[in-house]
Amino acid sequence: MKKKVDKRRLSLCLDVDNVVVTERFHEAFEYLADEVGIPSSHIIEVIIAPSDRMRELKLEHFGIDSDTDVIAFPTDFPDLPPEVRALAGELFLGATMIAVNAQSEGWSFSEEFCFVLAHGLLHLKGWSDGTASDRRAMFEEQERLLRLLRGKDFDLTSLVRLRERPEDRELMVW
């Protein structure tokens, strides 16, 4: 199942059928993109992908045969002014690993989803997690971004969720 929704900076593609994204998520996304410093004229393609696709991408681009929660592909436009409509990059988010990580961290799926989204947005802005100190700095920035969202009255536990009940099949995936 592929469903695509375009909102301002966000181009969202659901390549899985068990994730429900709320309207409030789009507001949180825009807030995060502002905080990270992505110009409002730039588009970010977010693809929520199944485990096999994430594994395939990680093997193809990093030579590692394992599932993952996020892969970022920044687009480098050094000479474009911020008002030019351009693709800032693509973020592939792995719903399966997000669910696994959420359970192991004791977070809701939605909280882990926001944490991973912040991680991917930071990669699009050039942040690296290649060293222990880079990972620590990036993790601290992700934590700061989530605190900011909570401070703006975003309920991080309900922005995105997994479909778990049969009646959820009737819900529109926003």
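The model is predicted, so local features need pLDDT of at least 70 and side-chain atom pairs count only at pLDDT 80 or more, while totals for chains, interfaces and linings use all residues. Residues are numbered from 1 along each chain as its sequence is written, and side-chain values use heavy atoms, with hydrogens and water left out.

**Nonpolar cores**

- A nonpolar core here is a set of buried Ala, Val, Leu, Ile, Met, Phe, Trp, Tyr and Cys residues joined through side-chain atoms within 4.5 Å.
- Buried means under 20% relative accessible area, exposed means over 50%, and partly exposed lies in between (1.4 Å probe, protein chains only).
- The largest nonpolar core has 42 residues, and the members that touch the most others are Phe25, Ile44, Val46, Ile48, Leu117 and Leu121.
- Helix H4 (residues 109–124) gives this core its largest share, 10 residues.
- Helices (H or I, at least four residues) and strands (E, at least two) are DSSP runs, numbered from the N terminus.
- Another core, of eight residues, lies apart from the largest one and includes Cys13, Ala49, Leu57 and Phe92.

**Around Leu121**

- Leaving aside neighbours within four places in sequence, Leu121 is in contact (heavy atoms within 4.5 Å) with Phe29, Leu32, Ala33, Val36, Ile38, Ile44 and Leu91.

- A salt bridge is counted when a side-chain nitrogen of Lys or Arg is within 4 Å of a carboxyl oxygen of Asp or Glu, and the count comes to six.
- Arg144 and Glu35 form one of them, at 3.7 Å from N to O.
- This pair links helix H5 (residues 132–151), which holds Arg144, to helix H1 (residues 23–36), which holds Glu35, across 109 residues.
- Both partners are partly exposed, Arg144 with a relative accessible area of 27% and Glu35 with 32%.
- Glu141 joins Glu35 and Arg144 in a network of salt bridges.

- Asp65 and Arg55 meet in a salt bridge of 2.8 Å, N to O.
- Asp65 sits in the loop between H2 and strand S5 (70–74), and Arg55 sits in helix H2, 10 residues apart.
- Asp65 is partly exposed at 49% relative accessible area, and Arg55 is partly exposed at 37%.
- Glu56 and Arg53 pair at 2.5 Å, N to O, and both lie in helix H2 (residues 51–62), three residues or about one turn of the helix apart.
- Glu56 counts as partly exposed at 44% relative accessibility, as does Arg53 with a relative accessible area of 27%.
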